[in-house]
Amino acid sequence: MLIDALVLAGGRSSRLGSVAKAKLKYRNQTLLERTVAAVAGLRFTVVVGDTAEQALPVQILVTREDPPFGGPAAGIGAGLARLTAVDPIASDYTIVLACDMPNIGAAVPLLLSSLAKEDGLIDDGPTADTNGDGFIAVDSRHHLQPLAAAYRTTALLDAVARQQRVGSLSGLSVFQLIRGLSLSEITVPDEATSDVDTWADAEAWGIEHPPSGAV
């Protein structure tokens, strides 16, 4: 089974005073570095966004959404286009992650396990009922996490193509992009998808405001 990953790191971070979330450090790694590490070992990983001054593995692919800061749906479209340019043979699944969840590494194994069960690679009891479009993380409050999800790549490509036929991906929400997909919910620990949107969030994680001029 071929699995790729898209890591979205192109937001404006407006509620952080435009300090890039991707460069915030938690436990001696930037949030982007932690997210990329969470999907190490997959076929290809594409980071969509600004990777300047980031210590990423050399094999990581990089692109930008068009236009820059066009939003996560535009980021997904750009990431899929980059994957297609590298290898026109689509993977079976693409894991899509935002880069602002410090503990996303706790969710990725659960997504991968669900994919393996769905593909028949492991027999660990009945898998969630799915029509083949993938799996989406959900927390204890039943908040769906479309940027912590594993999508069947052909279904995600079709969703992008449908939107591009009628309009732009720029400014579109991910929920709008995937509204036609049938996704099985995978419960993950709340802290796995807890994100950093504000300085209050950062403080809760023990992330300090970087020194002036550091980012």
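## The nonpolar cores

The largest nonpolar core of this predicted model has 57 residues. Leu32, Ile76 and Leu177 have the most contacts inside this core. In soluble globular proteins, nonpolar side chains tend to be buried together.

Take Leu32. Setting aside residues up to four places away in sequence, Leu32 touches Val7, Ala9, Ala22, Val47, Thr51, Gln54, Leu56 and Cys99. Another core lies apart from the largest one and has nine residues. Among them are Tyr26, Val196, Trp205 and Ile207.

## The sheet

Seven strands form an open sheet. Their order is E5-E4-E1-E6-E8-E7-E9, and the pairing is mixed. The edge strands are E5 and E9 (184–187), each pairing on one side only. From one strand to the next, the twist averages 25 degrees.

Look at one end of that order. E4 and E5 run parallel and are joined by three bridges. Val47 stands opposite Val62 in E5. Val47 is also one of the residues that Leu32 touches.

## Helix H2

Helix H2 covers residues 72–86, 15 residues in total. From its first C-alpha to its last, H2 reaches 21 Å, close to the 21 Å expected at 1.5 Å a residue. H2 lies across E1, E4, E5, E6 and E8 (144–152). The helix runs at about 140 degrees to E1.

Which residues of H2 are buried? They are Ala73, Ala74, Gly75, Ile76, Gly77, Ala78, Gly79, Leu80 and Leu83. Ile76 is also among the residues with the most contacts inside the largest core. The buried residues of H2 pack against strands E1 (3–9), E4 (45–49), E5 (61–63) and E6 (93–98). They also pack against helices H4 (153–166) and H5 (174–177).

## A closer look at Gln145

Gln145 lies in strand E8. Is Gln145 buried or exposed? Gln145 counts as buried because its relative accessibility is 17%, under the 20% cut-off.

Its contacts, leaving aside neighbours within four places in sequence, are Ile136, Ala137, Asp139 and Thr193. Ile186 is 41 residues from Gln145 along the chain, and their C-alpha atoms are separated by 9.9 Å.

## Confidence

The mean pLDDT of the protein is 89. Of its residues, 91% reach 70 or more. Over residues 126–130, however, the pLDDT is below 50. That stretch has 13 contacts in the model beyond near neighbours in sequence. Where pLDDT is low, the predicted coordinates should not be read in detail.

Definitions and conventions
Residues are numbered from 1 along each chain as its sequence is written. This is a predicted model: local features need pLDDT of at least 70, side-chain atom pairs count only at pLDDT 80 or more; totals for chains, interfaces and linings use all residues. Side-chain values use heavy atoms; hydrogens and water are left out. A nonpolar core is a set of buried Ala, Val, Leu, Ile, Met, Phe, Trp, Tyr and Cys residues joined through side-chain atoms within 4.5 Å. Buried means under 20% relative accessible area, exposed over 50%, partly exposed in between (1.4 Å probe, protein chains only). Contact means heavy atoms within 4.5 Å. Helices (H or I, at least four residues) and strands (E, at least two) are DSSP runs, numbered from the N terminus. The expected span of a helix is 1.5 Å times one less than its number of residues. Two strands pair if DSSP finds at least two bridges between them. Axes are lines fitted to C-alpha atoms, for helices over the stretch in contact, and angles run from 0 to 180 degrees between N-to-C directions. pLDDT is the predictor's confidence in each residue, from 0 to 100.
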